[in-house]
Amino acid sequence: MPMSALWKNQNLTHITNGFIYNSPSQNSVRVDEAFDGSLTSSFFNYANTTKENLVENTLTTFSHKSNKTTVWKGFVNSGFPLFPEDILVRYGAVFGGLVRRRFHEDLVAAWNIMYQGAIPVTVYVNNCNVMVGYDYFAPELRTRVVTEYFNIQA
């Protein structure tokens with residue numbers, strides 16, 4: 001689904017737009033995005049994680065500065081979690097109220113969870129029970145990440 005994400009801390013501001021493909025049945029998330037004049041595709045393999053919850057990632061970059069493709073593979077702390085269909089039940093979500101989000105005319109429900117038992121995440125769900133975005137705070141980076149989905153149809 002189309003998405004927009006913003007990461008911001010004292011060292012970095014990263015705004016990206018693109019598409020996210022979340023597949024719990026295949027233990028993977030693929031993110032195709034455009035930022036800083038480049039196109040990238042990240043494939044996060046959640047079937048291959050470390051004990052520190054780092055996820056195998058294959059990052060392919062197409063830069064405007066070169067006609068060569070760059071491929072990097074390694075383990076990362078993914079900013080694009082694998083969210084199962086039963087996310088609210090699985091993570092013991094607590095209702096946080098109705099809020100207004102960009103790209104959505106109607107109010108959406110805010111649900112608070114602890115992803116991996118350690119990361120506070122707010123998941124936003126519309127009146128069709130479709131996730132329309134999520135926010136989280138990464139304490140070690142002192143960073144707040146806002147991810148919004150748009151053009152979503154149930």
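The questions and answers below go through some terms used for this predicted model and the values behind them.

Reader: What makes up the protein chain, in helices and strands?
Author: The protein chain has 1 helix and 11 strands. Along the sequence their pattern is β-β-β-β-β-β-α-β-β-β-β-β.

Reader: Why are strand 5 and strand 6 said to pair?
Author: Pairing requires at least two bridges between the strands. Strand 5 (residues 55-63) and strand 6 (residues 69-76) have 8 bridges, so they count as paired, and the sense is antiparallel. A hairpin of 5 residues joins strand 5 to strand 6.

Reader: What makes the contact between K73 and E56 a salt bridge?
Author: The cut-off is 4 Å between a side-chain nitrogen of Lys or Arg and a carboxyl oxygen of Asp or Glu. The N to O distance for K73 and E56 is 3.9 Å, so the pair meets the cut-off. K73 lies in strand 6 and E56 in strand 5, 17 residues apart, and the pair links distant parts of the chain.

Reader: How many salt bridges does the structure hold, and which others can be named?
Author: The structure holds 4 salt bridges. Among them is the one between the side chains of R30 and D32, at 2.6 Å from N to O. R30 has a relative accessibility of 34%, which lies between the limits of 20% and 50%, so R30 is partly exposed. Another salt bridge joins the side chains of R101 and D135, at 3.2 Å from N to O. That pair also links distant parts of the chain, 34 residues apart: R101 is in the loop between strand 7 (94-99) and strand 8 (108-115), and D135 is in strand 10 (residues 131-138). Both R101 and D135 are buried.

Reader: What makes the contact between N48 and E56 a polar contact?
Author: The limit is 3.5 Å between N or O atoms, one able to donate a hydrogen and the other to accept it. The side chains of N48 and E56 are joined at 2.5 Å, so the distance is within the limit. N48 is found in strand 4 (residues 38-49). Leaving out residues up to four places away in sequence, N48 touches L54, V55, E56 and F75.

Reader: What makes up the largest nonpolar core?
Author: This core has 22 residues, and V29, V121 and Y134 have the most contacts inside it. The elements giving two or more residues to the core are strand 3 (28-35), strand 4, strand 8, strand 9 (119-125), strand 10 and strand 11 (143-149). Apart from residues up to four places away in sequence, V121 touches F83, W111, N112, I113, Y115, Y134, D135 and Y136. In soluble globular proteins, nonpolar side chains tend to be buried together.

Reader: Why are the phi values of N53 and N129 pointed out?
Author: Most residues other than glycine have a negative phi. N53 is not a glycine, yet its phi is positive, about 70 degrees. N129 also has a positive phi, near 60 degrees, and is a residue other than glycine. N53 lies in the loop between strand 4 and strand 5, and N129 in the loop between strand 9 and strand 10.

Conventions. Residues are numbered from 1 along each chain as its sequence is written. This is a predicted model: local features need pLDDT of at least 70, side-chain atom pairs count only at pLDDT 80 or more; totals for chains, interfaces and linings use all residues. Side-chain values use heavy atoms; hydrogens and water are left out. Helices (H or I, at least four residues) and strands (E, at least two) are DSSP runs, numbered from the N terminus. Buried means under 20% relative accessible area, exposed over 50%, partly exposed in between (1.4 Å probe, protein chains only). Contact means heavy atoms within 4.5 Å. A nonpolar core is a set of buried Ala, Val, Leu, Ile, Met, Phe, Trp, Tyr and Cys residues joined through side-chain atoms within 4.5 Å.
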